[in-house]
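Have the sequence and the 3D view ready.

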Amino acid sequence: MLVKRLICSSTKAFNRFQRIPYCNQNTNSLNYNVTPLSGMPFGRSFSTDVNHPPDDGQKPVTVSLYQMKKTIKASSAILGESVEGPTCIQTVCPVCHIVPGVEGKEATDTARKKIFVNKTTGNFTCSSCQYLGRWDHIEKFFPPYSRVPKTVQELRKLRDAFLELKKEHMGAVHTVPEDAVALESFDSAREVIRCLQLENIIPEALVNVRACWQRQKQELFIPMVDVESRTIGYKKLLVGPDGEVVERTVPETNASGLIYLRCSPSNTATKAKDQSQTNAILVLNVLNLLALGSVKLNATAVCLPHGLKTLPQQCLPGMDRFQRLTLWFNYDTAGWDTARNFAKKLDERRCLFVRPTDQHPTPYKALLEETTEPKAILAKAQPILHQSITTFRALRQDVLSDLQNIDKVQGVKWKRYPTLNKLLKGHRKGELTVLTGPTGCGKTTFMSDYSLDLAQQGVSTLWGSFEIRNTRLAVTLLRQMVGRPLDENLANFEQWADAFERLPIYFMTFHGQQPIKIVMEAIEHAQYVHDIQHVIIDNLQFMMGMLDETKHLDRYWKQDAIIAAFRTFATKRNCHVTLVIHPRKERDTDELTTSSIFGGAKASQEADNVLIIQDKRLTSVRGKKYLQIAKNRYSGDLGIMPLDFDKASLSYAQRKKKPEGGDDGGGPTEGTEVVAGVPIDRTVRRAF
């Protein structure tokens, strides 16, 4: 029976591979037609774009870590012993190395390519081509497997298709431009330091990172390398119009490379043990990396590809060789929160943190100020210990950091809703917000406008719309970003779509009732892979639905269990969760209150913020629609915000007063710039 199921599975998979040539060549993925177990759009089997791996559409791993270890260990007699690191399991690729049915004979490619299997998601990364796939797509190739001739034949066909697909994308890397000249001497490095005004940076640091200089454009290129030390991308530094050094990463998303700079003391006569192979210091940009190289620390400095935005899981294998990681990020609260989230990816047991205070600036700033030695700051790095009981002494630095960065602690400010900034102070991680309002009052429209404002400022957002299709939701979001009807301006659609695509917004494809366990698996996976900061569930009752097997369960109890799950997730993962919940039936003349939220009292009790849309337009001649802040756990400020709906932009954004004699013809508003006759929101450009 097992062999029969394997044959059927292999045959179906092979037939799907045969349909590959007829797929649209402009798509970024090939559908494997695997029924998603979690409801997410995670049906991609193999990526057709090395720069856009199937992260953005992957279902959570459904196999346990124990099962993955068991499968890999069983093949050790043929593939050799695997190596388990803090985040990944390294082993020889069973597809490239073995021909099914050929005992004792290796494949034609004898390079023994390695793969790194992520212990959290189950995704594997090929070391030779940075190919990213799912565990269930490669699991069948691990020996031993059935030796039935028909099964072996099908596995060979699958393997050939697998290798052919991988071969198409090998070499798709971003190399340093050919007209850039490598800095091989200290004299040339000094010239670059003088041109870019890199104060206190020593030439040796530029030479050690294999930097290249483009003299005509005055641009510095520093290559990013993968786990096999191959260049697959680069960072570009140039002086901006304001005189500041501007840094850009190529590729802009899902870069799998890192920049390493060995900072061991140059004095070979020292008796100190060289710890650069075991200790690493993680920084967010090249300037901080070069600053550490100028200090000569006994460690390896590592520059992350995308700063605070995200840490792609393809980068994790490159840091598995280090036993201790010190995260030295920006000393504001946002950097502190990101450091804690990144530490969970990197295995926080080996992570140390430089506490974010004014006494602990970033490496480059410390080098410029010359008031505090970077070595002294590094010596104060401390781990975050999971303890049930703590003391004020352990919290002292956190308290100081919050007081010194009070604006950052308050959260991300809204651009469209200044009234919300006055009342809620900002959008903070780790909180739970409940939005309610009568049917048809515009809860979804307001929430999309609300979330778009945050996403344009770099807040990674995951939308879970259980009531409307994602296409309709995306149309609303795009129209709110543009500020005008899309169907009347189709000529500009591509430009607007490109700008919207750069926003960190992701969608789940759940619709109707879904088990809370499957939903939480998908959300936790997305939070791990994409560093999600804001999760929106619209709406809770539609998600619960009605099924025969749950008709005997108390609906209040079921809703309380779902709210408890989201409350735990928000606190544990330091992620903001917004739940849209319908109110219970009230008389039209009565205003809604926190007790009007459908279900028990748990929703209003667990929530940090309760927002209520009050709609009095149908009950009063001069009735208005407004948003009421009914609960605010952070500052306690309560109040209302008028909601004036603009039908052209589908937005409730508070419009600024136009100057006398201003044009009311719909010209670009403040905060926009005109590109090719099209107003583009600067917040989109600023966020990226």
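Are Arg 567 and Asp 608 buried or exposed? Both Arg 567 and Asp 608 are buried, where buried means under 20% relative accessible area, exposed means over 50%, and partly exposed is in between (1.4 Å probe, protein chains only).

Before going on, keep in mind that this is a predicted model: local features need pLDDT of at least 70, side-chain atom pairs count only at pLDDT 80 or more, and totals for chains, interfaces and linings use all residues. Residues are numbered from 1 along each chain as its sequence is written, and side-chain values use heavy atoms, with hydrogens and water left out.

**Salt bridges**

- Side chains of opposite charge can pair when their charged atoms come close.
- A salt bridge here is a side-chain nitrogen of Lys or Arg within 4 Å of a carboxyl oxygen of Asp or Glu, and by that rule the count is 21 salt bridges.
- Arg 567 and Asp 608 make one of them, with their closest N and O atoms 2.7 Å apart.
- Arg 567 sits in helix H21 (residues 555-573), while Asp 608 is in the loop between helix H22 (602-606) and strand S23 (609-615), so this pair ties together parts that are 41 residues apart in sequence.
- Helices (H or I, at least four residues) and strands (E, at least two) are DSSP runs, numbered from the N terminus.

**Two more pairs**

- Arg 190 and Asp 187 form a salt bridge at 2.8 Å, N to O.
- Both belong to helix H7 (residues 186-196), three residues apart, which is about one turn of the helix.
- Arg 190 is partly exposed at 43% relative accessibility, and Asp 187 is exposed at 57%.
- Asp 136 and Arg 134 also meet in a salt bridge, at 2.9 Å from N to O.
- Here Asp 136 is partly exposed at 29%, whereas Arg 134 is buried at 3%.

**Where two helices cross**

- The axes of helix H17 (residues 470-482) and helix H18 (residues 493-501) come within 10 Å and cross at roughly 100 degrees.
- That makes H17 roughly perpendicular to H18.
- On the H17 side, Leu 477, Leu 478, Met 481 and Val 482 meet Phe 493, Trp 496, Ala 499 and Phe 500 of H18, with contact meaning heavy atoms within 4.5 Å.

Conventions
Axes are lines fitted to C-alpha atoms, for helices over the stretch in contact, and angles run from 0 to 180 degrees between N-to-C directions. Angles under 35 degrees count as roughly parallel, over 145 as roughly antiparallel, 65 to 115 as roughly perpendicular and the rest as oblique.
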